[in-house]
Amino acid sequence: MPIAAKDVVQRGVVTTQDTTSIRWPVGEWVRYLNDGQREIMLHRPDAFNKSATVTCVAGSKQALPADGAKLIDVQRNASASSQRAIRICNREILDAQMPNWHAIAGSEEIVHFMYDPREPKAFWVYPPALATAKVEINYSATPTDIAEPAAGSDYTAVAGNISVADIYANALLDYMLYRVYLKDADYAGNGARAQAHFAAFATALGLELKSTMAVAPVSVANPNFRQGSSAAAIPVGE
C-alpha cells in the first residue's frame, strides 16, 4: 500500500520534537526525503522494481523506458506471434563466435538478451529486433521527487506518495533523520545521532536484502548461480 510522503515527514517532525517546523522547515524535510529515495535507488535498485512491455526499435541495441534507471531482467517476448522466454547470454562469447551478429536479419522473436551495468539504461537483443518486436522487461524506475510545499507550510501540505516500496519507509525516515541531525552536528550529541541513523539506514537495506535472498527461488539464491554466463539459467554443476 502506498505511503503518503506527509506521513513520513510527520514522523520526522515528531521524532525531532520540532512540531512547528522552525529548526527544520518542511521544504527541507522534503528535500531530504527526495535525497533518501535516490540513495536507496543507488544501493537497492530493486526497491523501485517496475514491469513494462517495450516495443523494440529495429536493431540489436534497445533502451529502457524514459523513467528507467537500471535493467533487472528481460523476461519474455510479448508480441502477438510469440511469448517465448528470453534468456540472458554473455555478449563477449557471442561477439567472439559471431562477430557480425549485429548485422544479421532482424526478427520479431527474441532469443537472448545481454546487459552491461556500465551502460545501465540500454540492453542488447539477439537476434536483432524488428520494429514490431515486443518484450516484457523488469527494471528499476527512477523515483519521482515530492514537490516542496510553500515556505512556512506544515507537514500536512506535503502532497503525493513516496516512490519507494512501503517496506522501506522506516529506512527512508532514518536517512532523513541522519540529514537533519547532520545539519546540527555542532550541537552536543547530534553528530552521534546522525551517524546512528545512517547506520540504521544502511543496516536496514542490508538486512532486507539478506532476508529476500533467504526466501528467493533457488536459481536466484544459489551462490553458484552465474548470472551472465552462457548457460545463465543453469546452476553450476548441472
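Is glutamine 17 buried or exposed? Glutamine 17 is exposed, because its relative accessible area is 70%, where exposed means over 50%, buried under 20%, and partly exposed in between, computed with a 1.4 Å probe on protein chains only. This residue is a later stop on the tour.

**Before starting**

The model is predicted, so local features require a pLDDT of at least 70 and side-chain atom pairs count only at pLDDT 80 or more, whereas totals for chains, interfaces and linings use all residues. Residues are numbered from 1 along each chain as its sequence is written, and side-chain values use heavy atoms, with hydrogens and water left out.

**The whole chain**

Display the entire protein. Its secondary structure comprises six helices and seven strands; helices (H or I, at least four residues) and strands (E, at least two) are DSSP runs, numbered from the N terminus. Along the sequence they follow the pattern α-α-β-β-β-β-α-β-β-β-α-α-α. Of the 238 residues, 39% are buried.

Colour the model by pLDDT, the predictor's confidence in each residue, from 0 to 100. The average is 86, and 86% of the residues score at least 70. Now select residues 218-238: here pLDDT stays under 50, and the model has 24 contacts beyond four places in sequence for this stretch. A contact means heavy atoms within 4.5 Å. Among the contacts in the protein with a separation of 6 or more, 73% join residues 24 or more positions apart.

**First helix pair: H1 and H4**

Select residues 5-15, which form helix H1, and residues 169-183, which form helix H4; their axes come within 10 Å and cross at roughly 45°. H1 is therefore oblique to H4. Axes are lines fitted to C-alpha atoms, for helices over the stretch in contact, and angles run from 0 to 180 degrees between N-to-C directions. Angles under 35 degrees count as roughly parallel, over 145 as roughly antiparallel, 65 to 115 as roughly perpendicular, and the rest as oblique.

Show the side chains next. Val8, Val9, Arg11, Gly12 and Thr15 of H1 meet Ala169, Asn170, Leu173, Met176, Leu177 and Tyr181 of H4. The residues of this contact between H1 and H4 comprise seven nonpolar, three polar and one charged. In this classification Ala, Val, Leu, Ile, Met, Phe, Trp, Tyr, Cys and Pro are nonpolar, Asp, Glu, Lys and Arg are charged, and the others, Gly among them, are polar.

The axes of H2 and H4 come within 9 Å and cross at roughly 125°. H2 and H4 are therefore oblique to each other. Residues of H2 that meet H4 include Trp29, Tyr32 and Leu33, and their partners in H4 include Leu172, Tyr175 and Met176. The contact of H2 with H4 divides into nine nonpolar, two polar and five charged residues.

Select glutamate 39, which lies in helix H2 (residues 26-43). Beyond residues up to four places away in sequence, glutamate 39 touches Tyr175 and Phe201. Draw a C-alpha to C-alpha distance from glutamate 39 to leucine 172: the two are 133 residues apart in sequence and 9.0 Å apart in space.

**Histidine 197**

Move to helix H5 (residues 190-214) and select histidine 197. This histidine is buried, with a relative accessible area of 18%. Apart from neighbours within four places in sequence, histidine 197 is in contact with Asp174, Leu177, Tyr178 and Tyr181.

**Backbone stops**

Most residues other than glycine have a negative phi, and most peptide bonds are trans. Return to glutamine 17, in the loop between H1 and H2. Although it is not a glycine, glutamine 17 has a positive phi of about 60°. Serine 21 also lies in the loop between H1 and H2, and its phi is near 55°, a positive value in a residue other than glycine. Serine 21 is buried, with a relative accessible area of 10%.

Next, select tyrosine 126 and proline 127, which are joined by a cis peptide bond with omega about -5°. Proline 127 is found in strand E6 (residues 122-129).

**Last stop: threonine 55**

Which residues is threonine 55 in contact with, leaving aside its neighbours within four places in sequence? They are Ala131, Ala133 and Lys134. Threonine 55 belongs to strand E1 (residues 49-55) and is partly exposed, with a relative accessible area of 46%.
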